[in-house]
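Have the sequence and the model side by side before reading on. The paragraphs below go from the whole chain to one of its elements.

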Amino acid sequence: MIRCWGPLSLLVLWCLIALLGPLFPLTPNQIDLPNILTGIGSQAWLGYDDLGRPMFDRLVIGARTSFIVAISVVTVSFIMGSLLGTCSAYIGGVVDLVLVRMIDIFLAFPGILLAIALAGMMGPGIENVVIALALVGWVGYARLARAQVLSVKEQEHVVAAIAIGTKPLGIISRHLLPLIMAPLIVEASFGIAGTVIAEAGLSFLGLGVQPPAASWGSMIRDGTRYMLVAPHMVVVPGLALMAVVLAINIFGDWLRDWLDVKAGTRHTSRS
Amino acid sequence: MKSMSTTRGRAHHGHMGQSVCKGWLIGLTISSSLLGFCLFLSCFILAGTASADTSLEPIRFGLATAPSNLDPRFATDAASTRVNRLVYERLVDFDHTSRPIPALAHWEQLSPIHYRFYLDPNRQPFHDGQPLTAQDVQATYQFILDPQHASPHRSSLLRIDRMTTPNDATIDFFLTKPDLLFPAYLVIGILPAQLIATQHPFHSQPIGNGPFAFTNRPDDSRLILTRRTDRQPFEFVRVPDPTVRTMKLLAGEIDMVQNDLEPELVEYLAKDQRVVVQRGHGSNFVYIGFHLQDPLTKQLAIRQAVAHAIDRQAIIRFMLGGAARPASALLPHDHWAGNPALPPYNYNPQKARELLAQAGITPDRPIHLTYTTSSDPFRIRLATILQHQLAKVGIACDLRSYDWGTFYGDIKAGRFQLYSLSWVGIKTPDIFSYVFHSRSIPPHGANRGRFIDDTANRLIDEAETAQAIFEKREKYQQLQAYLLTKLPYVPLWFEDHVFIARQEIEGFSIAVDGNYDSLVSVQRRR
């Protein structure tokens, strides 16, 4: 548990900033021409961007953007993928075959490329980014849920539940989903990291939030033109993005170990 | 040579066969050598003056966009036009006030519809060695005027009725109607008539009589020209990213750049000892255009409010690094038809609010406009600043940025409320007819805002038919004053040109239109 305190505190900070950011008197879109490209200093400790807007304020709003997108995408993908995978494996037959083929087709495309294509077709905007990433993201959860259900649906308590006439919905909700939840949660933790990166990538390409709204990806894009004269425009959002993704991944690793009964980490930590 | 050898062999028939064989071999060797020399000479002649002196290191010019078409009959983009000026000479050029002056030819007006042009007796021949004659001039313009060839320059030359060539150095132009400014339209580079007839691919292998000859184009991003006077090669290298262009300049991979750099990068370079920065006034006109049939932007009070809401001085000072001049009309003040008496709209947010209130727009009834721009980061940056300044007076703008093709298509089709663009390379005041006359609504012209105004039409027509230059100037000045009151455009500024070269490069001077003509005198100091 000790090894994840650092990443966990960073994640908590990210969540707090994202949720409580609007309560602070921030002016992320306040253009102040005399401050254009002013570097890190006492007046603004993260400097100003190419329009004289405070980098700190934009970083906070960017954190909120990435948080909202990540949570929305992972929630939608998680629910959609888990239900589809579970139902498919439980029902089997043609339904399962169709789902497996759909998963194969989705996996045949590089995920981010498909998201770029979808976001490009639907037009730029944060809502469309969420839709595009969720349409790509459900596949991983569906595949994992299906594999897990296939391995547990023959277990004795499930067979017994079927034998006593429990309805399929009850079996899925009470006997299957609780058993497969641990690996899905671990998958979701990595999914959050992937979504943060994907959102930044789409915003970098101009398919995410639209000006003047802030996103870490769009902040990095704006900064690339000034790397020689104002490196803080790239370094600040770049470091924030790297720190959050790294923290999520370390936390996900720890969560995987903690939830792994065979490894016994969970019991060790508790004792 | 071979027959000589044989003769000699016959003459010495009584000698040994070995002697005959030896003579034959010598003959063969000599003839082969001569043949080889001839081949080499042919290749050299074919290459003409275009071959560069390989002992000279090329001077490299970094460009944001490569010239797309090296055929002046079809080229329209700025990069192609500037490079084509180096390869081809034109009949007429412009002085610093944009008045037409002789280039390849001087002229006299024999009647209101008859101009005679005399080619410069000291003119250079074409790069392939052929002399440039009046027939070449005629063939070039004849080609452009042929509607089958769909030259984009045809519309400006439609006033030509016919051409004749009394001799090799004289060409007569007969017009359909009198036009005092006619010589100003003869700015297309002259091509060899013989090669026009054979459909030579000028777009990729240009042959003109300009001071630079085409040498090679290894790929789309590189073009090599050779200066005819000293065989100095010049390489034009496309480097789209401004940061990379800056780094290449500092590293010595390119020797010079002009424009297309962020003002902050220019300031950064100005502090570096390895390069020298030159600045000069330019004539590229940046403006905000309105759709004048839109229910909101057709209201004069709203357009005036927009004009008063924009703080040009602050944008020029802080965003453009001072590299621009505020504009009050499409022509700069130093243009012969410009109007120096016109003051630019001053920044007055209070007046803007009052004007909006007159139009019935109050804080509880705000106005929402859509501002369309290209996806160029600099234009988006500018649009964001304008959006912020307009919001301060109560005009909320939604920014829409599109790739250039979509953006330009929307503008031509009238799918916009507000947009920002610039006019590049304006020389002649016929631009007013092209942009503001009601007959010039696309596709017939560039009246993209659908500005229909009888007074403007009358002033344009009177200026075009005026029979004296001073009268034309007066009418155009009246027109510009009138347009400033009606505001089909909000004039913003004229962008300056910036030229940056490494310390060892000397001899370049900035032109008002940003052309590269002074490359003829550029040298690398050793």
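Accessible areas here come from the Shrake-Rupley method with a 1.4 Å probe. On that basis, the surface of chain A in this predicted model amounts to about 13100 Å². Carbon and sulfur atoms account for 71% of that accessible surface.

As for secondary structure, chain A contains ten helices and zero strands. Along the principal axes, the C-alpha atoms fill a box of roughly 75 × 50 × 30 Å.

Of the 271 residues in chain A, 46% are buried, buried being under 20% relative accessible area. Contacts can also be sorted by separation in sequence: among those in chain A between residues at least 6 apart, 70% join residues at least 24 apart.

H1(A) covers residues 5–20, which is 16 residues. From its first C-alpha to its last it reaches 22 Å, close to the 22 Å expected at 1.5 Å a residue. Which residues of H1(A) are buried? They are A:Pro7, A:Leu11, A:Trp14 and A:Ala18. Seen down the axis of H1(A), these buried residues fall within an arc of 55 degrees, so they line one face of the helix. What do the buried residues of H1(A) pack against? Their partners in chain A are helix H2 (55–91), helix H7 (168–204), helix H8 (216–224) and helix H9 (232–259).

Technical notes
Residues are numbered from 1 along each chain as its sequence is written. Chains are lettered from A and ligands numbered from 1 in the order in which they are written. This is a predicted model: local features need pLDDT of at least 70, side-chain atom pairs count only at pLDDT 80 or more; totals for chains, interfaces and linings use all residues. Side-chain values use heavy atoms; hydrogens and water are left out. Helices (H or I, at least four residues) and strands (E, at least two) are DSSP runs, numbered from the N terminus. Buried means under 20% relative accessible area, exposed over 50%, partly exposed in between (1.4 Å probe, protein chains only). Contact means heavy atoms within 4.5 Å. The expected span of a helix is 1.5 Å times one less than its number of residues. The arc is that of the directions from the helix axis to the C-beta atoms.
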